Structure formats: C-alpha cells, structure tokens
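Dear colleague,

Please find the structure below, passed on to you for your own work.

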Amino acid sequence: MQEKRNVQIIEWEDLDKKKFYSFGVFMTMTIRAGVYPATLIRTRLQVQKGKSLYTGTFDAFFKILRSEGVRGLYRGFLVNTLTLISGQGYITTYELVRKYVSTYTSNNTVKSLVAGGSASLVAQSITVPIDVVSQHLMMQGQGGDMGRFKLSNLAPTNCPHLLLQAMAGPMAATTASTITNPMDVVRARVQVEGRSSVIETFKQLIAEEGMWGMTKGLSARIISSTPTAIVMAVGYETLKKMSLRPELVDSRHW
C-alpha cells in the first residue's frame, strides 16, 4: 500500500498580508533583474528583419554588450518594473477569486483554473500598455480534475513536494514557450512597429521569413522563462509559507 501524499494548501486567509506583499515584491524584482537581458534579446530578435543585425541569442548578447555595455542589456528596465503592479494584482486576484470559488466547490483544479484565468485577465490589462513602452525602449540601442491520474502514480511518494514543483515549472515553461512563440513574435511586431492588424502582420512575417520566422527569439525566451518558472513554482509556495500567520506555522506541512 503506497503512502498517500498529503500537501496542505495555504489559503488567502492564512497569510500575514504585510509579509506576503513585502516578500512578493522583493522576489519579483530579483527574478526580473536576472532574466531581463534575455527578455530584451528576445524582443530584438523577434522584431529585426531576417538576420539583419543578430544571428542568434548569443550573438545578440555579445554584440549588445560590446556596443552598448551592460546598461544596454537593461534598456527599459525601469519602465518595465511598473509591471510589478500587475504582478501584485495577479496574486491578489488569484487568491481572492480562489477564496470566492471555494464557496461553490472544493475541487482544487476548478478553483485554480477560474482563479488563474481571472488573475491573468487583470494582470494583462495592466501589463500591455507598460510592455509597449518598455519594448520601444529595448529597441533604442540598435537604432529598433487530473481525474484518474494521481500524483503518487507519477512520482515516488517520498519525493519532496518542492522538488516536484522545481521539475514541473521549467518543463511547463519550455512547452508553453515553444507553443506560444509564434504569437509572441507577432505581438512584438505589432507593439513595436505600431501595426493595427495581427493577421496582416502574421501574413507579412510568413511571406518575408517563412515558418522559421515564427521561432525567432525562442531560445532567449526559454532561457528567460525557465529560471522564472523554477523560482515562481518553488518561490511562490515558499513565499506563502513565509507569510503564514504565526499561529498557523506549525499546522502547514510540505
């Protein structure tokens, strides 16, 4: 008989809100500072025509470093930090909607699905205008119910929950980055070049650069999203653990 895994979820009402927001801002800023250069490189690769300036991720990194210095890798960073507002809006919306949905169902999958969708809508509404400005600044330097599948069947029962999160995070990030990269390339073109038609931008990109054009910036995107996914998957639950109200610390286990 396999030992059952019992991971208790930390809910919104369990948190010390001051700790939660303070630690959250620090964690988010640290992640952003670490992956911002890869985000900038991804944007430049996606917006350039063909391989007119950079031939790939590492080529772009060294060329930017030589011609613009370290500061060049952080163009638009200060503006981009305004998206911290969206980050806090995301986690607040996620936790509050999850709490609201829990009055109608105890199914964690449903609660997470509804809360995640609502939180993304709120966060993107805040992020997109800031992202447009930030991407323009980035371009300046170049002159532009798991159902029947149970967790104990997918991993050993003695496998730490934290380790499972650390493994699942980057796998999910790499898969999502690969699938959505074509949309990300088109989004970058629309935002930076001021285009009004997503469909026309897509058609022009295919005509000029073929299907390979849809993979532009993919490696840089994976490089930036993988560490972010690890830190977010592991860090977010750790953040909640650190933000527990004192009287609940001993009652929540990993």
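**Salt bridges in the model**

D184 and R42 are both buried. These two residues form a salt bridge, with 3.4 Å between the closest N and O atoms. Please bear in mind that the model is predicted.

A search of the whole structure finds 9 salt bridges; the pairs described here are among them.

D184 has a further partner. D184 also forms a salt bridge with R221, where the closest N and O atoms are 3.7 Å apart. D184 lies in helix α7 (residues 161-193) and R221 in helix α9 (residues 218-242), so this contact ties together parts that are 37 residues apart in sequence. The relative accessible area of D184 is 7%, and that of R221 is 15%. Because buried means under 20% relative accessible area, D184 counts as buried, and R221 likewise counts as buried.

Another pair is R44 and E68, which form a salt bridge with the closest N and O atoms 2.9 Å apart. R44 is located in helix α1 (residues 17-47), while E68 is in helix α2 (residues 57-72), and the pair therefore ties together parts that are 24 residues apart in sequence. Both R44 and E68 are buried.

In brief, D184 is bridged to R42 and to R221, and R44 is bridged to E68.

With kind regards

Methods. Residues are numbered from 1 along each chain as its sequence is written. This is a predicted model: local features need pLDDT of at least 70, side-chain atom pairs count only at pLDDT 80 or more; totals for chains, interfaces and linings use all residues. Side-chain values use heavy atoms; hydrogens and water are left out. A salt bridge is a side-chain nitrogen of Lys or Arg within 4 Å of a carboxyl oxygen of Asp or Glu. Buried means under 20% relative accessible area, exposed over 50%, partly exposed in between (1.4 Å probe, protein chains only). Helices (H or I, at least four residues) and strands (E, at least two) are DSSP runs, numbered from the N terminus.
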